[in-house]
Amino acid sequence: MVETSARILRLLSLLQTPREWTGPELAQRLDVTTRTVRNDIERLRRLGYPVHATRGSAGGYRLEAGTALPPLLLDDEEAVAVAVGLRTATVGSVAGIEESALRALAKLERVLPARLRRRLNALQTYTVAVRPARPHPTVPPDLLTTLAAACRDHERLRFDYRAHDASASRRDVEPYRLVNWGRRWYLIAWDTERAGWRTFRVDRMEPKIPAGPRFAPRPLPDDDVAAYVSRGIAEAPWRHRTTVTVHAPAEAVAERLPASAGQVEPVDAETCLVRTGADSAGTLAVWLGALGTDFSVSPERDPELAAALGALADRCRRAVSGTRS
């Protein structure tokens with residue numbers, strides 16, 4: 001009986017991989033006959049696992065989705081990965097799943113072998129999460145699933161949207177992709193009224209139900225949708241925008257520069273251009289000073305930033321000399 005149970009668990013583990021298995025393949029993996037495989041498949045079906053079989057030379061077995069969720073079989077690394085993911089979800093950017101994540105984590109930890117529970121306990125004991133200084137925007141999980149389903153089914157979306165300047169608008173879009181960047185979620189969509197691609201902050205959206213009609217998918221604006229979102233955020237409507245020559249290789253500057261802070265364009269092996277901005281020239285001067293490398297600003301092209309840099313330099317000199325203006 002113990003040997004049979006272990007074999008069925010091994011069979012279930014094989015069927016949970018995303019592929020179709022032939023009877024002879026399963027028999028070879030389990031070191032049994034194909035008749036034993038058929039009997040074990042029937043046992044799994046009686047336990048509630050929806051194992052689908054197709055006949056013929058190209059046929060085989062695969063585990064399909066059913067009406068109820070049967071037990072899952074995880075190996076050691078998968079169990080640790082799920083537990084870490086659930087623990088992370090309790091302090092993540094999706095609102096309302098903290099309690100569900102903790103319940104699922106408690107169930108998982110109760111059945112973990114001692115060797116895995118010890119690994120997880122060490123991770124939890126010696127890991128400290130730094131809470132943000134101010135509340136970060138969160139997104140309801142049902143909103144994410146609604147948007148993902150609309151992307152999958154190519155259904156238009158209507159929603160009220162609150163922009164960065166608090167202005168409100170009604171949007172009608174064709175949704176394509178959800179992008180998670182840190183604690184924020186973004187939707188890439190084709191705005192039907194404005195006839196162009198737009199990136200929307202999900203926490204600023206209030207969808208209208210039901211969804212709109214289906215649409216024929218368009219080619220995405222970029223194969224790398226994460227890079228597309230990064231560029232879009234970097235082109236945010238700052239009050240003060242500028243281009244600065246930085247005397248350092250583009251690769252080195254890009255490593256120090258968050259994608260949301262600007263775009264880096266190489267000039268030669270030792271110089272690059274940084275297109276960036278901020279709410280004020282003073283803020284931009286402070287940020288450029290913290291970049292950690294030499295840079296050049298044209299007083300003719302950006303007199304306001306040049307003046308702010310001069311004022312900052314004077315302030316720093318006074319701080320060193322102990323004098324006050």
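**Close-up 1. Polar contacts of the arginine 171 side chain.** The side chain of arginine 171 makes a polar contact with the side chain of aspartate 191, at 2.9 Å. Serine 169 also takes part: its side chain makes a polar contact with that of arginine 171 at 3.1 Å. A polar contact is a pair of N or O atoms within 3.5 Å; within protein, one must be able to donate a hydrogen and the other to accept it, and residues adjacent in sequence count only if both atoms are side-chain atoms. This is a predicted model: local features need pLDDT of at least 70, side-chain atom pairs count only at pLDDT 80 or more, and totals for chains, interfaces and linings use all residues. Side-chain values use heavy atoms, leaving out hydrogens and water, and residues are numbered from 1 along each chain as its sequence is written.

Close-up 2. Strand S4 (residues 168-181) holds arginine 171. Strands are DSSP runs of E, at least two residues; helices are runs of H or I, at least four; both are numbered from the N terminus. Arginine 171 is buried, at 13% relative accessible area (buried: under 20%, 1.4 Å probe, protein chains only). Beyond its neighbours within four places in sequence, arginine 171 is in contact (heavy atoms within 4.5 Å) with residues including Phe159, Tyr161, Arg194 and Phe200.

**Close-up 3. Residues joining H10 and H11.** The axes of helix H10 (residues 281-289) and helix H11 (residues 303-321) come within 8 Å. Axes are lines fitted to C-alpha atoms, for helices over the stretch in contact. Leu284 and Leu288 are among the H10 residues making the contact; H11 contributes residues including Leu305 and Leu309.

Notes: Buried < 20%, exposed > 50% of the residue type's maximum accessible area, 1.4 Å probe, protein only. Axes fitted to C-alpha atoms, helices over the stretch in contact; angles between N-to-C directions.
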